[in-house]
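Reader: Could you walk me through the salt bridges here, one by one? I'd like a close look at who pairs with whom and where the partners sit.

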Amino acid sequence: MASMTSEEWDAVKRKYPYGSTVDGTVDEVAPFGIFISVAGAQGSCAFADVAGMRHGGAGGSTVIWPELGEVVTGVVVEHTEHNHQLKLHLR
């Protein structure tokens with residue numbers, strides 16, 4: 001991932017504010033979550049951890065693990081400043 005300036009990161013945060021819906025492609029699957037490429041967020045990426053992939057209500061126990069290359073949809077729940085990531089909960 002290329003580094004981005006603070007102005008570029010601010011533009012990503014404006015484009016994808018908290019609560020916005022984001023579509024992206026799964027770039028990497030790890031035991032703790034997935035990394036996602038999002039159009040219009042070059043130099044940044046999105047991340048969904050295991051907690052953000054649980055389904056079945058508040059105490060949901062089913063984790064949906066998307067495949068590499070799969071297109072996923074999520075909701076922005078955090079802007080992680082130190083590494084310029086959008087944190088998502090998948091739908």
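Author: Let's start with the term: a salt bridge here is a side-chain nitrogen of Lys or Arg within 4 Å of a carboxyl oxygen of Asp or Glu. Mind that this is a predicted model, where local features need pLDDT of at least 70 and side-chain atom pairs count only at pLDDT 80 or more, while totals for chains, interfaces and linings use all residues. Side-chain values use heavy atoms, leaving out hydrogens and water, and residues are numbered from 1 along each chain as its sequence is written.

The structure holds three salt bridges. K13 pairs with D10, their closest N and O atoms 3.5 Å apart. Both sit in helix α1 (residues 6–15), and because they are three residues apart, about one helical turn separates them. (Helices are DSSP runs of H or I, at least four residues, and strands runs of E, at least two, numbered from the N terminus.) K13 also meets E81, at 3.0 Å from N to O. E81 lies in the loop between β6 and β7 (85–90), so this pair ties together parts 68 residues apart in sequence.

Then there's K87 with D49, at 3.1 Å, N to O. That one links strand β7 to strand β3 (residues 45–49), 38 residues apart. D49 is buried, at 16% relative accessible area, whereas K87 is partly exposed at 21% (buried means under 20%, exposed over 50%, partly exposed in between, with a 1.4 Å probe and protein chains only).

Back to the shared partners: D10, K13 and E81 join into one network. In it, D10 is partly exposed at 32%, and E81 is partly exposed at 42%.
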